[in-house]
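Please read it alongside the model.

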Amino acid sequence: MRTNRRSGLAALGVALGLAIGVTNCGEDKTTEPTAPTAEAKSVHAGHGGADKTLYIWASDQAREEADFIAVIDFDSRSPSYGKVLSTVPVPPPGNVGNEAHHCHTSQDQLVLACGGLLSLLKGQNSFFFFDISHARQPRFMRTGNAPNSSITDDFLPLPGGGFLVTNMGSASGGPGGRVVELDNAMRTIAEYPTTSPADGGFNPHGIDADIGKNLLVTSDFINPVTTLNAVPGPLELRSSLRFWNFRDRRIVRTVVLPDAAGTMDVKLIPHDPRGRAITANMFTGKIYTVDPDGSFVEAFDGETLAPQGDVRGGMIQLLAVTPDGKRLIFNRFMTGQVVMLDITNPREFKSVSVVNLGPNSGPHSVHLTHDGRRLVVIDYFLDQDDFGKVHLEGDHKVRVLTVSDDGLAVDPGFAPVDFSTAFDRPARPHGMGMK
């Protein structure tokens with residue numbers, strides 16, 4: 001990361017001051033969400049079959065026009081496979097400059113929930129909900145917020161509807177984030193934990209769960225306010241996992257990993273009898289297998305992969321694990337690579353496949369289809385322009401790779417969608433959902 005030294009600090013200070021004074025923006029209702037009709041046993045249940053519609057959550061690059069969902073034909077048998085079918089903008093108020101971030105579909109795939117990473121800076125709501133009951137004709141429903149936390153990151157769907165959401169920052173964007181619970185009407189009903197851990201480093205970004213094991217895990221990444229020019233000094237990174245009692249929504253163990261180098265994401269290994277998790281330190285390239293008992297092992301070193309770029313390990317960020325628990329897939333933002341590892345031995349991972357997307361492509365988001373046969377890759381992380389220290393732009397393209405046990409390959413039928421040129425104005429894509 002490079003530090004931006006341009007002007008604009010005065011304007012940011014005003015915006016940040018206003019945002020800190022906002023404790024609850026309330027809810028902006030347009031249509032009511034559809035409640036699910038049945039309970040499911042897993043947070044990943046009901047997500048079988050081949051996805052045919054892809055949703056990309058994006059923001060106007062100039063931060064002047066509305067954030068929006070792009071609807072893309074994702075039916076690999078369709079003659080218009082990979083084409084943008086329509087866009088659904090967020091209506092005012094609070095529809096501009098949210099910095100579109102992560103998304104997820106609800107367990108019943110009737111609602112797409114998305115987050116605004118920087119909504120706090122403008123005193124806006126940070127949850128955005130779309131009705132996708134008619135897959136190709138999504139409708140904006142409403143926005144929402146959490147009174148005690150902000151800087152919205154990832155969404156974990158809950159059986160029976162609703163989500164757990166990682167809000168990385170406190171109400172003012174600093175230490176003391178929360179995991180927010182949304183019910184099946186997309187209303188905020190709780191924020192966990194009630195009292196932030198005494199270590200002062202609870203800034204959750206990644207999240208995963210295994211309900212059968214009564215296990216929830218979150219990963220702490222960064223103190224968000226330290227990314228802003230208005231806050232002097234370097235980035236304040238975290239390197240810790242929190243294991244939770246899922247039913248009680250209670251942290252039972254904190255595991256601190258070496259180097260304080262940014263554990264952005266975490267994934268539980270499917271079918272692992274011990275409930276072990278995988279995480280990576282973004283600024284060292286070290287990948288760890290972490291046991292809920294508190295022990296951990298370095299299972300792979302990203303520095304063994306070439307090239308490296310300007311950051312050790314190539315800047316590993318987001319993770320995906322195949323449904324059988326045998327393969328790990330991740331991006332290397334600095335190198336333009338997407339990598340697959342064999343993780344059948346949780347203590348020692350082995351390289352299987354590397355796809356090079358090209359110099360300066362900047363892959364960040366990696367998300368498997370529900371059948372595990374395709375991978376959507378989005379080439380944009382975060383650019384805070386003249387108000388922040390993070391400038392990791394990527395080329396704004398959405399790409400698709402095919403997935404097998406033997407490796408990854410570029411999907412020849414899906415032409416990359418370039419969000420810099422596909423619309424009237426350049427846009428920055430980040431979140432995704434599929435149905």
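## Terms and model

Two strands pair if DSSP finds at least two bridges between them. Strands are DSSP runs of E with at least two residues, numbered from the N terminus.

This is a predicted model, in which local features need pLDDT of at least 70 and side-chain atom pairs count only at pLDDT 80 or more, while totals for chains, interfaces and linings use all residues. Residues are numbered from 1 along each chain as its sequence is written, and side-chain values use heavy atoms, with hydrogens and water left out.

## Confidence

pLDDT is the predictor's confidence in each residue, from 0 to 100. The protein chain has a mean pLDDT of 91, with 89% of its residues at 70 or more. Over residues 1-41 pLDDT stays under 50.

Strand β11 (residues 178-182) is largely enclosed by the rest of the structure, because five of its five residues are buried (under 20% relative accessible area with a 1.4 Å probe, protein chains only). R178, V180 and L182 point one way from β11, and V179 and E181 point the other way.

β11 runs antiparallel to strand β10 (residues 163-170), to which five bridges join it; V179 is the bridge partner of T166. Four bridges join β11 to strand β12 (residues 188-192), also antiparallel, and there E181 has A190 as its bridge partner. The hairpin of β11 and β12 has five residues between the strands, and M186 takes a positive phi near 65° in it.

## Nonpolar cores

A nonpolar core is a set of buried Ala, Val, Leu, Ile, Met, Phe, Trp, Tyr and Cys residues joined through side-chain atoms within 4.5 Å. The largest has 37 residues, and I329, V338, L375, F381, L401 and L408 have the most contacts inside it. Strands that each supply at least two residues of this core include β23 (337-342) and β29 (397-404). Apart from it lies another core of 19 residues, among them L54, Y81, I378 and F414.

## Aromatic rings

Rings of Phe, Tyr and Trp (its six-membered ring) pair if their centres lie within 6.5 Å; planes under 30 degrees apart count as stacked, over 60 as edge-to-face and the rest as tilted. The whole structure holds 14 aromatic pairs. F74 and Y81 form a tilted pair, 6.2 Å centre to centre with 40° between the planes, and both residues are buried.

The ring centres of F130 and F140 are 5.7 Å apart and their planes stand at 75°, so this pair is edge-to-face. Ring pairs link W57, F128, F130 and F140 into a cluster.

Methods. Buried means under 20% relative accessible area, exposed over 50%, partly exposed in between (1.4 Å probe, protein chains only). Contact means heavy atoms within 4.5 Å.
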